[in-house]
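Please look over the model below before reading the points. They cover helix packing and salt bridges.

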Amino acid sequence: MKSLPAAVALAWLAALAAALIHWPLLTMAANRLVPGVPVTGGAALGQVLPAILALSALAAGLLAVSPGRRAGATALALALAAAGLFAWGLGHGAALRMAGQPPAARAGLGAGAWLAAALLGAALGLAVRRCRRPGLGLVVVGLGLVGLGAAGRAGTFDALSLAVEYAARREAVHTALVEHLVLAGGALGLAVPAVILLSLWRRGQDAVGIVIGGVQVVPAVALLGGLVALTGGLLRAVPSLRDLGLSALGPVPAMVGVAAYLLLPLWRGLAAALSAPDPASLDAARAMGLTETQILARLRLPLGGQLLVGALRVATVQAIGLATLGALVGAGGLGRIVFDGMAQFAPDLILLGAVPVVALSLVAERTLSALEDRMRAGLPA
């Protein structure tokens, strides 16, 4: 891997310095509803600001000077230290400014904090790639989550409004997280066998493609509303279905609606996987007397496995995101917290629901990407 161009490293460092020094890192407000007063630079981070900039500059310099693994590992350690100091500095700065304030006061994260976090995350990602160690990205993510969790339990972030909102809704957030995972997992559980069954209808593949492609142009809210109306009509026609737990509102229409959007990436991925072997290989396998089932197990799936995992990766991330809309039809999930925050004009409550969705999506994407890369590396050149 080539070293990072010096101009890119300087631009990254300049953007990070601007975010840390000139952009608002914290916003101090009298309550959760009113706009806050921005707090920038050293007023928010205190004496750790120079250390964060120094560590970041060293990490960027190493990435720009040397493409080696050792330089990448050192840059990774420096970037992790800078990110840790940054998180601690925000929590400590918020605690100092919240001292003596009334209970309704809030110390929120400003735009500079999110921009700086994104820039530090980009540096961590580049350093991980430079190390060229399989699974290292997941290890770094795990260490980051463990570190944030330990700091949170120690009270480092108690003064930040996001932590205040979480403390007030701890059980609700945990319940919503479980509901969200059930919605996304249930939608995948519906979509995968549906795609397999649709792929068996060989003569109707053109019609299948038109139908599941057409679903993609239907707005998600409209589709969910239509499913609620359809389910309500079905229950009126067959009241006995209510005894089975079916309801016009709740997780069932939400799962079906999300699953409908997952059909296209899964269907295309399965079609590409089955078509992965070249015609000559298929002819040779048939000439050897292999049945279609044996060809599927020994040729099509081994060669197209990474394509299937890639399709599953896209569908999983899509399911996690779309499950947020399940709250609109009474299915719960993290979307319920997001929409509660929007109804109350409370940005931190919105983030309390949105941040776990983003984190789940990133973890799913990274995990399945690592599996896809490993399967691709195992194929013969």
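**Notes on the model**

1. Helix H3 (residues 48-65) packs against helix H4 (residues 69-98) at an angle of about 160°, and their axes are 8 Å apart. H3 is therefore roughly antiparallel to H4 (angles over 145 degrees count as such). Helices here are DSSP runs of H or I with at least four residues, numbered from the N terminus. Axes are lines fitted to C-alpha atoms over the stretch in contact, and angles run from 0 to 180 degrees between N-to-C directions.

2. This is a predicted model, in which local features need pLDDT of at least 70, side-chain atom pairs count only at pLDDT 80 or more, and totals for chains, interfaces and linings use all residues. Residues are numbered from 1 along each chain as its sequence is written, and side-chain values use heavy atoms, leaving out hydrogens and water.

3. The structure holds 5 salt bridges (a side-chain nitrogen of Lys or Arg within 4 Å of a carboxyl oxygen of Asp or Glu). One of them joins Glu-179 and Arg-336, at 3.5 Å from N to O. Glu-179 lies in helix H8 and Arg-336 in helix H14 (residues 334-343), so the pair ties together parts 157 residues apart in sequence.

4. Arg-313 forms a salt bridge with Glu-372, with the closest N and O atoms 3.1 Å apart. Glu-372 is in helix H15 and Arg-313 in helix H13, so this pair ties together parts 59 residues apart in sequence. Glu-372 is buried, with 9% relative accessible area (buried means under 20%, with a 1.4 Å probe and protein chains only). Arg-313, Glu-365, Arg-366 and Glu-372 are linked in a network of salt bridges.

Definitions and conventions. Helices (H or I, at least four residues) and strands (E, at least two) are DSSP runs, numbered from the N terminus. Angles under 35 degrees count as roughly parallel, over 145 as roughly antiparallel, 65 to 115 as roughly perpendicular and the rest as oblique. Buried means under 20% relative accessible area, exposed over 50%, partly exposed in between (1.4 Å probe, protein chains only).
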